[in-house]
Amino acid sequence: MTGKASRHQLRTRVFLFSVFSTLVLGMASLYNQLNSKIYLRGMTRILERSRPYLELQDQTITLGNLLETYLSTKNYSTLKEYWTRSQNLYTTVWGLDRTLTWDRSSLLREDLVELIQSYLHATEDAINAKRGRDIPAYTAAFGRSERILGFIRQTTADLIQADYLEGSRQGQLFADQLATLQLFNILMLLSLMTLGVILGFWFSGRLTGPLSRLARSAQQIAEGNYGVGIAPYRRKDEIGLLTVTFETMRNAIVRNIEELTERAEIENRLMTERLDNLRIKNLLKVAELHALQAQVNPHFLFNTLNTGVQLAILEDADHTRLYIEHLADVFRHNIRTLDRLIPLSGELDSIDSYIYIMRIRFADRFDFRVDLPSPCPDPMMPAMILQPLVENAITHGLRDRESGGWVEISVSSGDGWLHLAVTDNGAGIAPERLERILAAGDGAFEAPASDALADEDISRKSNGIGLTNVISRMRLHFADPDIVTIESQPGRGTRIRFRLPLAEKGDHVQSPDC
Amino acid sequence: MKPLSIALTGCILVLFLLASAMSVRYLMDIAASGSSLPMASTHPVWRAIVLLPETHDPFYRQVAEALEKNARRHGLALEFRPLPIAQDREIALRTLELAITARPGGLIIPGSANPEYVRLINQAVASQIPVITLATDSPASKRQTFVGTNGFSLGLKAGEFIEQNSADGARIGVVLSQPDPAASDIYNQSILAGLAQALKRGGQRRITETRNDRPEAPSSEEITADLIDNHPEISVLFFTSSKDAIAAAQHLVDQNRVGQVLIIGVDDPPELVDYLRKGIIAATILRNPENIGRLSIDSLVELRASNNSSSFLDPGIRLVTRSSLDLPLR
């Protein structure tokens, strides 16, 4: 089928269905007309069967009158007319269908024909006798013709009666047959109408079903359900074309929406990254600000401390010199730019100096331990991570302990990670506060750091860099929300763990002793 | 479409096809009966006219049925016309003349002694129309064949039964059917002669009453009622018409006199057989109307073929009683 023909298939079907319905109705009507016509023709034939014989009787009577006139007047013209009519009657009689049948009417017709022939013979005998002037003979022949004419009348009457009875019988038979015929016709028409209704219902369903399904699909798509399936329609007609077009349109919409969604996701990701960068920068700024606040003219202090070292050397005060040198190292480490990465060993060197100062400062009050593996990996990491944690342990955890307190820094490696932990046996952190710290440290991933905590950090730190800042920087730098974990039990201590990836060799160097 | 819908549509379609087929069939029947009247599938070869007495005697009805049945076998169409031979002689003669003028292939008529009737029979024979007389004869005519029961034999058979089944000295009443007095007189005289012959053989049984059941006479019920009610001495009644025998039996039942009068009838219409089975009628003499019909047609066919046939054919008689009812009647 060509494309054009396919497109018009539905129209052809509708047209054919209409033509079919019209033809069926027309045929039913024609059939009804045919019934009436056949019935009328049958009844007419029954009623008119006797007519030719009645006409024969009339002709015979007319012939009798002519005979009587001729016999009484001997008029030639009458005789001529008699012969003419007689010949006509002969012709008519011989032209009749004389096929015998079993019914009485047929036998009476045969009687009638024979009687008419006898009558014609009798009248001819009478005329011949008259012309021969044989009076007794023509009188006898005329009398015989009169008797036969009586027989003809009687037989015609019998024939009419027989035809009437036969007609009545056949009419009754016709009526019975017609009643049965009408019953079947009604049954036929009723079944035809029922079939028409069923076929119409079926056809309209076939026609509108796919359209309804398409409409429902369109409604669902309008409601945003773009994944709705469209019922397959195999015919290549107008509805098929509409279905294919609709499916194409739906696919195009879905594709466009996917593209839009993908673009939005990319933009969202970019926005997030941009926001993260802003947050990192913000945190660094905050940390730097805190560091600057803590430095209070660090170069002056650093130079002053160097002068103090030289003075201690001159005075041979080795302890003082050593103390001031460690203090200068801590300051040097603290004034580093925080957005730079340093090796773990640098961070550990700084923490050694810090611990030395703390041991001098707190004498036997606290114990500091450092547990390192050998050799110790030396990955790069953000600066100022360990010192704030140790400082936090001293300031918050061990603040209220007079003796027996300790802080331990341990490093271990495994599974491609370097695990660091700062543990104390201090007061611990209340669960609510721990939750708030982790949530605030999680700001890089979920929400900005709480202002309250930030303020708290600032107010409580000697060097101004708090725990949440450390957590946030670690998480943002490594894009890993689980990089820092805190275990704490109030009254028993706190352990803060974080890990550094060892996967990239360029990121770290192996150090025999860190 | 669902299976149920398909089944429903199929049923309706089948109904439509059946209704259409039946409708077309009936329409074709109507068309055929209307267009090709008459409806006979085979046509008769020739025709004959049968004139039978205008009577209510079932015998002639049975004869007519037998004639019709046998005629069809020979392709012969029979035209039946009533012959009021007892009621109106002129009309009867006119009917016979009409039948002859219509030139049938044969005539089957009851016989009559009437001279004009005989003349017309002779005229028909002269016009090459074979004439068969049945039941009653016209011995003076030139009819080719008479098919009918021998009246003497009928009377003799009845007499023998009466002698064997009635008391000595019984008084006998006889009702003679006379559809055509001119013809029946001879026939009835033969019956009475046969009856008398049987009664002469022994005993003192005598015929005390003889009545004629003519068409113009009182009804058969009145005749039999008169004989039974007004002649209590009569213990035997013999009827030559089944119609009269049935009327007598019914009267005996009405008068509660069953068993007091011995009734002998003729022929075997269903009502008579019923009375015979109940023992109200003692015996019936079968004139064998079916045989009469068959022999008449056979004779006519033979005459048409060879112009030769027996002048007298006796269909035979048989006396049937209640005890022999189970045997074939004919």
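# Close-up views of a predicted two-chain model

**View 1. Confidence along chain A.** In chain A, the lowest confidence falls in helix α13 (residues 451–460), at a mean of 42, and the highest in strand β5 (residues 417–424), at 92. pLDDT is the predictor's confidence in each residue, from 0 to 100. Helices (H or I, at least four residues) and strands (E, at least two) are DSSP runs, numbered from the N terminus. This is a predicted model, in which local features need pLDDT of at least 70 and side-chain atom pairs count only at pLDDT 80 or more, while totals for chains, interfaces and linings use all residues. Residues are numbered from 1 along each chain as its sequence is written, and chains are lettered from A and ligands numbered from 1 in the order in which they are written. The pLDDT of chain A averages 81, and 88% of the residues score at least 70. Over residues 444–464 of chain A pLDDT stays under 50, and the model has 34 contacts beyond four places in sequence for this stretch; two residues are in contact if their C-beta atoms, placed from the backbone, lie within 7 Å. Residues 505–509 of chain A also stay under 50, with 10 contacts beyond four places in sequence.

View 2. Chain A has 14 helices and 8 strands. Of its 514 residues, 29% are buried; a residue is buried if 20 or more other C-beta atoms lie within 10 Å of its own, exposed if 12 or fewer, and partly exposed in between, with C-beta atoms placed from the backbone. Among contacts in chain A with a separation of 6 or more, 74% are between residues 24 or more positions apart. A:Ile437 lies in helix α12 (residues 431–441) of chain A. A:Ile437 is buried because 23 other C-beta atoms lie within 10 Å. Leaving out residues up to four places away in sequence, A:Ile437 touches A:Leu467 and A:Thr468.

**View 3. The contact between chains A and B.** Chain A contributes 41 residues to the contact and chain B contributes 30 residues. On the side of chain A that touches chain B, the elements giving two or more residues are α2 (9–47), α5 (104–131) and α6 (135–222) of chain A. Of these, α6(A) gives the most, with 20 residues. The residues on this side of chain A divide into 20 nonpolar, 13 polar and 8 charged. Here Ala, Val, Leu, Ile, Met, Phe, Trp, Tyr, Cys and Pro count as nonpolar, Asp, Glu, Lys and Arg as charged, and the others, Gly among them, as polar.

**View 4. The open sheet of chain B.** Six strands form an open sheet in the order β7-β6-β8-β9-β10-β12 (chain B), with mixed pairing; two strands pair if DSSP finds at least two bridges between them. β7 (206–213) and β12 (318–321) of chain B are at the edges with a single partner strand each, so one side of each has no neighbour in the sheet. Direction ignored, neighbouring strands of this sheet are turned by 20° against each other on average. Helix α8 (residues 242–254) of chain B packs on the sheet and touches β6 (171–177), β7, β8 (234–239) and β9 of chain B; the direction of α8 makes about 155° with that of β9(B). Axes are lines fitted to C-alpha atoms, for helices over the stretch in contact, and angles run from 0 to 180 degrees between N-to-C directions.

**View 5. Strand β10 of chain B and its partners.** Strand β9 (residues 262–266) and strand β10 (residues 283–286) of chain B run parallel and are joined by 3 bridges. B:Gly265 stands opposite B:Thr284 in β10(B). On the other pairing, β10(B) and β12(B) run antiparallel, with 4 bridges, and B:Ala283 has B:Thr321 in β12(B) as its bridge partner. In a regular strand the side chains alternate between the two faces of the sheet. Both faces of β10(B) are covered, with B:Ala283 and B:Ile285 buried on one side and B:Thr284 and B:Leu286 buried on the other.

View 6. Most residues other than glycine have a negative phi, and most peptide bonds are trans. A:Ser374 and A:Pro375 are joined by a cis peptide bond, with omega about -5°; A:Pro375 is in the loop between β2 (366–371) and β3 (376–382) of chain A. A:Met384, not a glycine, has a positive phi of about 60° and lies in the loop between β3 and α11 (386–397) of chain A. A:Met384 counts as buried, with 22 C-beta neighbours inside 10 Å. B:Asn307 has a positive phi near 55°, in the loop between α10 (289–306) and β11 (312–313) of chain B, and counts as exposed, with 10 C-beta neighbours inside 10 Å.
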